[in-house]
Amino acid sequence: MPTDGGSERIFELQEEIQQLKEAVVSHAVVDQAIGMVVALGRVSPDQGWAVLKDVSQHTNIKLRSVADLILVWGRTGMMPQEIRAALEDALDRAGPAQIPGTPPEA
C-alpha cells in the first residue's frame, strides 16, 4: 500500500502538539511555584525564579519537580526535608526584598 507521507506527518504533528501541551502545563506549574516563593519569601519574581533554580541545582531534582513539591506544600503544608532545607538556604541567599511602600528595617 503506497503512502504519501501524510500519515507520518500527522503523527509528527500529534507528537508536537502533545509536547507543547506538556510545556504549557509545566510552565504554569513553575509560574505558580514562583508566585508562592515570591509571596512567602518576600522576594521579587526574578529572585523567585533564581530560588527555584538554586533549589533544583542543590538537590539535583528537576526544576518542574521542585515546583510541584512547592505547590503540594502550599496545599498540604508538607514538604520533604531536603527540599525545605534547600529552599530556606536559597531564600537566605536571595535575601528578603524590600516591599514597596514600607520603610526599611532598622
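## Overall organisation

Of the contacts in the protein with a separation of 6 or more, 56% are accounted for by residues 24 or more positions apart, contact meaning heavy atoms within 4.5 Å. The model is predicted: local features need pLDDT of at least 70 and side-chain atom pairs count only at pLDDT 80 or more, whereas totals for chains, interfaces and linings use all residues. Residues are numbered from 1 along each chain as its sequence is written, and side-chain values use heavy atoms, with hydrogens and water left out.

The protein has four helices and zero strands; these are DSSP runs numbered from the N terminus (helices: H or I, at least four residues; strands: E, at least two). Buried residues, those under 20% relative accessible area (1.4 Å probe, protein chains only), make up 25% of the 106 residues.

## Packing of helices 2 and 3

Helix 2 (residues 45-59) packs against helix 3 (residues 63-76) at about 110°, the axes being 9 Å apart. Axes are lines fitted to C-alpha atoms over the stretch in contact, and angles run from 0 to 180 degrees between N-to-C directions. The two helices are therefore roughly perpendicular, a term covering 65 to 115 degrees.

Helix 2 contributes Trp49, Leu52, Lys53, Val55, Ser56 and Thr59 to the contact, and helix 3 contributes Leu63, Val66 and Ile70.

## Leucine 52

Leucine 52 lies in helix 2 and is buried, with a relative accessible area of 0%. Beyond its neighbours within four places in sequence, leucine 52 is in contact with Val30, Ala33, Ile34, Val37, Leu63, Val66 and Ile70. Leucine 52 and valine 30 are 22 residues apart in sequence, with a C-alpha to C-alpha distance of 8.5 Å.

Conventions:
Parallel < 35°, antiparallel > 145°, perpendicular 65-115°, else oblique. Buried < 20%, exposed > 50% of the residue type's maximum accessible area, 1.4 Å probe, protein only.
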